[in-house]
Structures are given as structure tokens and as C-alpha cells.
Amino acid sequence: MRVISDWANIYQGRRTPATSCLTWYTVIGNHDVPLQSVANQLDFGKQEPRWYFPSRYYAVDYVSGDGTKVRSVYVNTNPFVTAYSRSTNRYNGPEINTT
């Protein structure tokens, strides 16, 4: 699975101890669509808590030490790119047609 070779083996290994404890809030990118790796990444998030990817679109609320609240919204913007919806375009797959 590409997410393991591109993320876990690089950012969660002994060579990068500073990043191994971070939570990664993941969104779908244009390279994920033609590879159809979104389902794999969602599944990976169910078994790896540091790969936070609960659904294709989600929001997370953060509260700072002084009580300030911030909502961060994670959105796949690929469906808004007109070129991606052309039938001959390699990006015109299930992620574009079902969002």
C-alpha cells in the first residue's frame, strides 16, 4: 500500500523521531484520485491512529489553552476542477463522480 511506503516508512520511522508522535490530518489530493487509493487510506486510518482520515470530508474542533476555539474543515476540492470531470481525463473516476 502506497500510504505505508510514502508515509509510514518515511515519517514514522527511526530516522524521523520528531515526526513519529504527530497526528496527520489527511485530505484527498489530486494524486490520490487516479490511483484510487482513497479507500486504502481510509482503511489505513482505522488501524493507525496517527493517520487521521475518518471520512472524505470532515471537520475537527480545536481549543487552545486560553479557550479560543477553531474549527478546521478538511475538504477534497478536486470535484471543483472542471478539467477533472471530463470523461477522457484520468482524474474522472469514482472520487469525482460521487462527490
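Where is the place of phenylalanine 44? Select phenylalanine 44: its place is in helix α3. Helices here are DSSP runs of H or I with at least four residues, strands are runs of E with at least two, and both are numbered from the N terminus.

This is a predicted model, in which local features need pLDDT of at least 70, side-chain atom pairs count only at pLDDT 80 or more, and totals for chains, interfaces and linings use all residues. Residues are numbered from 1 along each chain as its sequence is written, and side-chain values use heavy atoms, with hydrogens and water left out.

**Helix α3**

Show residues 38-47. Val38, Gln41, Leu42, Phe44 and Gly45 are buried (under 20% relative accessible area; exposed is over 50%, partly exposed in between; 1.4 Å probe, protein chains only). Look down the axis of α3: the buried residues fall within an arc of 160°, so they line one face of the helix. That arc is taken from the directions from the helix axis to the C-beta atoms. Turn to the other side of α3, where Lys46 and Gln47 are exposed.

**The aromatic pair**

Rings of Phe, Tyr and Trp (its six-membered ring) pair if their centres lie within 6.5 Å; planes under 30 degrees apart count as stacked, over 60 as edge-to-face and the rest as tilted. Tryptophan 7 lies in helix α1 (residues 2-11) and phenylalanine 44 in α3, so the pair ties together parts 37 residues apart in sequence. Tryptophan 7 is buried at 4% relative accessible area, and phenylalanine 44 is buried at 7%. Now widen the selection: Trp7, Tyr11, Trp24, Phe44 and Trp51 form one aromatic cluster.

**Helix α1**

Val3, Trp7 and Ala8 are buried in α1. Down its axis they fall within an arc of 85°, so they line one face of the helix. Their cover includes β1 (24-25), α3 and β2 (51-52), with contact meaning heavy atoms within 4.5 Å.

**Salt bridges**

How many salt bridges does a search of the whole structure find? It finds three, each a side-chain nitrogen of Lys or Arg within 4 Å of a carboxyl oxygen of Asp or Glu.

- Lysine 46 and aspartate 43 meet at 3.8 Å, N to O. Both lie in α3, three residues apart, about one turn of the helix.
- Arginine 50 bridges to glutamate 48 at 2.8 Å. Arginine 50 is partly exposed at 26%, while glutamate 48 is buried at 14%.
- Arginine 71 bridges to aspartate 61 at 2.6 Å. This pair links strand β4 (residues 69-74) with strand β3 (residues 58-63).
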